[in-house]
Amino acid sequence: MGVDKLANQDYQDLSIEQERKVARTLMGRIEWEMIVIGLGQCALWVVIWSLVVQSIIPLWAGFLMSTITTAFSYLPSHAGQHGHLSGKHKNLKWLNSVVGQISLIPLAQAHDVLKATHLKHHAHTNDPERDPDYGHTHVDHWWQSALNVHLQTGTDGKLAKMVEEFSVEDPSFKQAMERGGLFSMLFLFAQMVVVVFYPLETLVLWWLPRKLATSFIGIFFSMEPHSKLPKGRYLDTRFWSNGMPRFFNHSMQIHVMHHMYPNICHFDEPKAIEALLPFMIERGIPGADKVPERVKLNSLLTNFSS
Amino acid sequence: MKIVTLFFEHITNWGLVWFGLIFWGSIFNATSAYYFQDSHEFGFVLLTYLLGLILGLLAKYRGWVWIN
C-alpha cells in the first residue's frame with residue numbers, strides 16, 4: 001500500500017503499529033542523491049585544489065568554494081552510516097562505506113569512527129554519560145557548540161571516557177574504532193605530506209574549511225535539534241527554525257524525523273513528516289503541532305521562531 | 001609485526017607533536033615568507049619549524065587535539 005493511501009487513512013488509529021506501518025512504506029530505496037553529493041563534492045574539492053595550485057583562481061576564492069563543498073561532505077557519510085546508500089539491496093552494502101569514506105576526504109575523518117559514535121548517539125541521545133554528541137549539543141550559545149565540537153576530542157575528556165567504555169562493553173564498536181583509526185592516521189599523514197609541498201593551500205583549502213564545516217555540523221546537526229531536551233524517543237529532538245531556508249541548514253530543521261525513523265532517507269523526510277504528522281503530534285514531539293501540512297523548502301520558516 | 005605495532009603506538013602517542021612540527025612548521029615557514037625578507041635563511045626556517053614543534057608539544061600535553 002502506498003504512503004499516500006496510508007497517510008490519508010482514518011487517523012483514529014494512532015497506534016505504534018500503524019505508525020510503523022506508514023513509516024515502513026518510506027524505507028528501503030537507494031538514496032542516489034547522497035551518492036551524487038558525496039562523490040560530487042569530493043570531486044569538486046579536488047578540482048578547486050587543482051585550479052588554485054595552477055593559479056587559475058586565487059587562494060581566497062578557493063577557500064570560499066572549498067568551505068562550501070566541505071560543508072556537504074558529512075551528510076553522504078551520515079546516509080552511509082544508516083545504510084541509505086544501498087537501501088534494501090544487500091549486495092550494494094559496500095556503497096555505504098566506500099562512498100561514505102570518499103565523501104569524508106575533505107573533512108579528513110574516518111567513516112567507521114563517525115558511524116560507530118553516531119549510532120551510539122542514536123542509542124543514547126541526550127544522555128550526559130552516554131551520548132558522544134552531548135558536549136557540543138547541550139550548550140547555551142551556538143558559538144559554544146562551534147568550539148566544543150573541536151575541543152571535546154581531547155584524550156582526557158568526557159568523550160574519550162565514553163569511547164573507552166563503549167569499547168569495553170561493545171566489541172563491534174571497538175573493531176569499528178580500530179578500523180577507523182587507520183583512516184584517521186592516513187589522513188594525518190596525508191596532510192603532513194601535502195603541506196610540505198603546498199603549505200598555505202593545505203591550510204586554506206583543507207584545514208580551515210574542515211574546521212568551519214565541523215563547527216557548522218556541530219551547530220546545525222547537534223545543538224539546534226537536541227539542545228536542552230530530555231531523553232526519550234519522542235522527546236529528544238525538536239522541529240526548529242533559524243530563519244534560514246531549510247536547504248542552508250541541510251534540512252536539519254526536520255532532523256526529528258531522522259531520530260524517529262533513521263532508516264528513512266534524508267531526502268524522503270519531508271513526505272515522511274507529512275505522512276506521520278498526526279502520530280508526531282499525538283506523541284508530543286516538540287514543535288510537531290506547528291508543522292504545516294505540506295513540508296516545502298521554506299515552509300517551516302513562518303511556523304517557528306528560534 | 002612488532003615494528004608496525006610500535007609505529008602505531010608511537011603515532012598514537014606522538015602524532016600531534018609530529019603534526020605540529022611538520023604541518024604547522026611548514027605553514028609558519030610559508031607564512032613568514034610574506035613578512036620577512038630573510039625567511040629563506042636556515043636559521044629562520046629552523047625557527048618556524050621549532051615554533052611548530054612547540055605547538056605540537058603544547059597540543060600533546062594540554063590536549064589541544066584541534067590543531068590537527
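Author: A cavity is a set of grid points where a 1.4 Å probe fits but cannot get out, and its lining residues have an atom within 4 Å of a point. Rolling a probe the size of a water molecule over the atoms shows where empty space is left. The model here is predicted, and it holds 1 cavity of 30 Å³ or more.

Reader: Which residues line the largest cavity, and how much space lies in it?

Author: The lining consists of A:H78, A:H84, A:M252, A:H255, A:H258, A:H266 and A:E269. About 40 Å³ of space lies inside. By class, the lining has 1 nonpolar, 5 polar and 1 charged residues.

Reader: How is a nonpolar core read, and which residues have the most contacts inside the largest one?

Author: Such a core is a set of buried nonpolar residues joined through side-chain atoms within 4.5 Å. The largest has 23 residues, and A:F239, A:M257, A:I273, A:M280 and A:I285 have the most contacts inside it. Helices α2, α13 and α14 of chain A each supply at least two of its residues, with α14(A) giving the most, 7 residues. Apart from this core lies another of 21 residues, including A:M34 and A:I219.

Reader: Is A:T214 buried or exposed?

Author: Buried means under 20% relative accessible area. A:T214 has 17%, and is therefore buried. This residue lies in helix α12 of chain A and touches A:L107, A:V149 and A:H150, not counting residues up to four places away in sequence. A polar atom of the A:T214 side chain lies 2.5 Å from the backbone oxygen of A:R210.

How values were computed:
Residues numbered from 1 in each chain as written. Chains lettered and ligands numbered in written order. Predicted model: local features only at pLDDT ≥ 70, side-chain atom pairs only at ≥ 80, totals over all residues. Heavy atoms only, no water. Helix = DSSP H or I, 4+ residues; strand = E, 2+ residues; numbered from the N terminus. Buried < 20%, exposed > 50% of the residue type's maximum accessible area, 1.4 Å probe, protein only. Polar contact = N/O pair within 3.5 Å; in protein donor to acceptor, adjacent residues only side chain to side chain. Contact = heavy atoms within 4.5 Å. 1 Å grid on protein atoms, 1.4 Å probe; cavity = no way out; pocket = protein on both sides within 12 Å on 5 of 7 lines; lining within 4 Å. Points joined across faces, edges and corners; volume = space filled by probe spheres on them. Nonpolar A, V, L, I, M, F, W, Y, C, P; charged D, E, K, R; others polar.
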